[in-house]
Amino acid sequence: MPPWVAFPSLILLWADAVVSVSYVTGVVGQSVTLPCIFSTAHEISPMCWGRRACPSFSCSNELIMTDGYHVTFEKDKRYRMNGIISRGNLSLTIQNAALSDTGTYCCHIEFKGWFNGYKKNIFLEIKPGEFIFLGPSAWPAPSRNPG
Ligand SMILES: *[C@@H]1O[C@H](CO)[C@@H](O)[C@H](O)[C@H]1NC(C)=O
């Protein structure tokens with residue numbers, strides 16, 4: 001098997017940008033992390049996560065944005081960036097995932113001078129959790145009719 005077959009993401013060269021694509025799965029009710037790691041050999045740059053495939057510029061339907069050091073916008077508390085942003089760990093964690101979180105996400109780093117920055121599309125699939133049997137203690141107590 002040639003080594004590129006085993007490489008987990010596919011690099012696509014578009015007319016104006018480098019876009020890579022990867023696939024992540026998660027489970028309902030748990031948190032799931034969408035990886036986006038970028039070498040800080042480049043200057044520290046603003047970036048955004050969007051809930052769509054990456055457009056040519058910026059992100060569409062932004063979930064979270066940073067100035068390169070700190071989060072500057074967060075659509076919802078469920079979206080967190082727990083990595084060290086200034087060291088290029090731009091991974092997005094979605095807490096308490098729901099089936100409706102399934103879809104395409106975009107990690108776009110907007111540094112200048114190299115096409116339109118770095119773009120990564122991630123397809124996330126959230127799967128239903130295991131069925132949990134709560135047992136008789138979770139059932140309502142039977143009503144008792146004295147007498
Ligand atoms: C990046 O940060 C995430 C938390 O958001 C962590 O799980 C992951 O291990 C970090 N990766 C690297 C390469 O530092």
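β10 is mostly covered, with seven of its 10 residues buried; buried denotes under 20% relative accessible area, exposed over 50%, and partly exposed the range in between, for a 1.4 Å probe and protein chains only. Helices (H or I, at least four residues) and strands (E, at least two) are DSSP runs numbered from the N terminus. The model is predicted, so that local features need pLDDT of at least 70 and side-chain atom pairs count only at pLDDT 80 or more, while totals for chains, interfaces and linings use all residues. Residues are numbered from 1 along each chain as its sequence is written, and side-chain values use heavy atoms, with hydrogens and water left out.

The chain holds one helix and 10 strands, in the order α-β-β-β-β-β-β-β-β-β-β along the sequence. Of its 147 residues, 35% are buried.

β10 pairs with β9 in the antiparallel sense over seven bridges, pairing being assigned where DSSP finds at least two bridges between two strands. Within β10, Tyr118 stands opposite Ile109.

Ile109 also belongs to the largest nonpolar core, which has 24 residues; Ile109, Leu34, Trp49, Leu90 and Leu92 have the most contacts inside it. Such a core is a set of buried Ala, Val, Leu, Ile, Met, Phe, Trp, Tyr and Cys residues joined through side-chain atoms within 4.5 Å. Two or more residues come from each of β3 (32–34), β4 (47–50), β5 (62–66), β8 (92–94), β9 (103–109) and β10 (118–127). The most, four residues, come from β10.
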